[in-house]
Amino acid sequence: MTRYGDGLAVVTVTYSPGETLDGFLTTLAGATTRPVTVVLADNGSTDGVPERAAAEHDHVTFLPTGGNLGYGGGANRGVAALPDDVGWVVVANPDLSWGPGSLDVLLEAAGRWPRGGAFGPLIREPNGAVYPSARQLPALGRGLGHAVFAKVWPANPWTTGYRQEKASIRERTAGWLSGSCLLLRREAFDSVDGFDPRYFMYFEDVDLGDRIGRAGWLNVYVPQAEVTHIGGHSTARASSRMLAAHHSSAYRYLADRHQGLLWAPLRVAVQAGLGLRLKLVTRR
C-alpha cells in the first residue's frame, strides 16, 4: 500500500466550465493557508477556459482525459496524476465558490475523525439556501419511495428521510456526501479504487459513499466549512440527456446491490418504473 504525504491537492473535472472557473480559483485562494495544487481533469472542453487558467496560474495543471469520461472517470484520472506526497485530495465541481478557510476547517475535522475517509462541507445554493448534501443511503424502499413521490409529494416520508433535510446542522456521519465538494483521505479513496467509472454522471458519489462505508471508513459532514454551488453550467446545455443519465445511474446503483436470479423480477420492475418516471419528467 502506498504511503502518502500530507500534501493537499484539488481535482476538478472540467467540461467547458465558462467563467465559473475563475471564481472557483479566486475563492480557493482564501479557503486554505496551505499550498495547494489544482488539477483540471478536462473531459473535452471547447471554450478554452481550462487551458487559459493553467497558463495563468503556476499551481494549476491542465490534464486532458482523452474524452468525456464522466465525472467519476475524470476525477479518477486527476487523482491518479498526483504525486505520492499528496495525501489529501479535494474533488470538487468547477462552479463552486469557496468560503473563507473552508478547506482548513475540513482538514481540522479530519484530525478529529481518524477513520474519516470523506469529508463534506455545508453547501449553499446561490440564493443562500442550504442544500441537503449529507444523506442516508437510498435503501430499496426509501429509494423507490423518493423516486415515485418526490415530484408530486415533496414532503413524503421517504424523501424527507433520504435527504435528511430535517436533520440538525451539526458535525456528524452520513451515508454519503455530495460529490460536488469532497475532501478525501487518499488512502481511503485508494482502498475502494476511487469512483466507479460506470457511472457517467449522478450516483457516483452515492456509490462511493456506500463503498467507503463498507470498507470501514466514515463519511463525515462538516457544516462549519461552507461553499456555494452555482450549479449546472455545463449540464444545463443538455438537461434531457442528464435526466436520462440520472435515471440510468439510479438503476445501476440499485441493480448492483440486488444481483442474482432471486432479485431479477425486482430489477425488471425498478427499470420499468424508472423508465416511466423519466418519460413523465421529460414530458413535463
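Strand 1, helix 1 (residues 20-28) and strand 2 form a right-handed β-α-β unit. Helices (H or I, at least four residues) and strands (E, at least two) are DSSP runs, numbered from the N terminus.

This is a predicted model, in which local features need pLDDT of at least 70 and side-chain atom pairs count only at pLDDT 80 or more, while totals for chains, interfaces and linings use all residues. Residues are numbered from 1 along each chain as its sequence is written, and side-chain values use heavy atoms, with hydrogens and water left out.

Start with the first pairing. Strand 1 (residues 7-14) and strand 2 run parallel, joined by seven bridges. Two strands count as paired if DSSP finds at least two bridges between them. One place to look is T14, whose bridge partner in strand 2 is D42.

Now move on from strand 2. Strand 2 (residues 36-42) also pairs with strand 3 (residues 60-64), again in the parallel sense, over five bridges. Between strand 2 and strand 3 the chain passes through helix 2 (residues 49-56), and this β-α-β crossover is right-handed. V39 has T61 of strand 3 as its bridge partner. A41 stands opposite L63, also in strand 3.

How covered is strand 2? Six of its seven residues are buried. Buried means under 20% relative accessible area, exposed over 50%, and partly exposed in between (1.4 Å probe, protein chains only). In a regular strand the side chains alternate between the two faces of the sheet.

Next, go to N93. This residue lies in the loop between strand 4 (86-92) and strand 5 (96-98). Is N93 buried or exposed? N93 is buried, because its relative accessible area is 16%. Leaving aside residues up to four places away in sequence, N93 touches T12, F24, Y71, G179, S180 and H229. Contact means heavy atoms within 4.5 Å.

Finally, step back to the whole chain. The protein chain has ten helices and twelve strands. Of its 284 residues, 49% are buried. Among contacts with a separation of 6 or more, 79% join residues 24 or more positions apart. The accessible surface comes to about 13200 Å², and carbon and sulfur atoms hold 56% of that surface. Accessible areas come from the Shrake-Rupley method with a 1.4 Å probe; for residues, only the protein chains shown count as cover.

Key:
Right-handed = clockwise from strand over helix to strand, strands pointing away.
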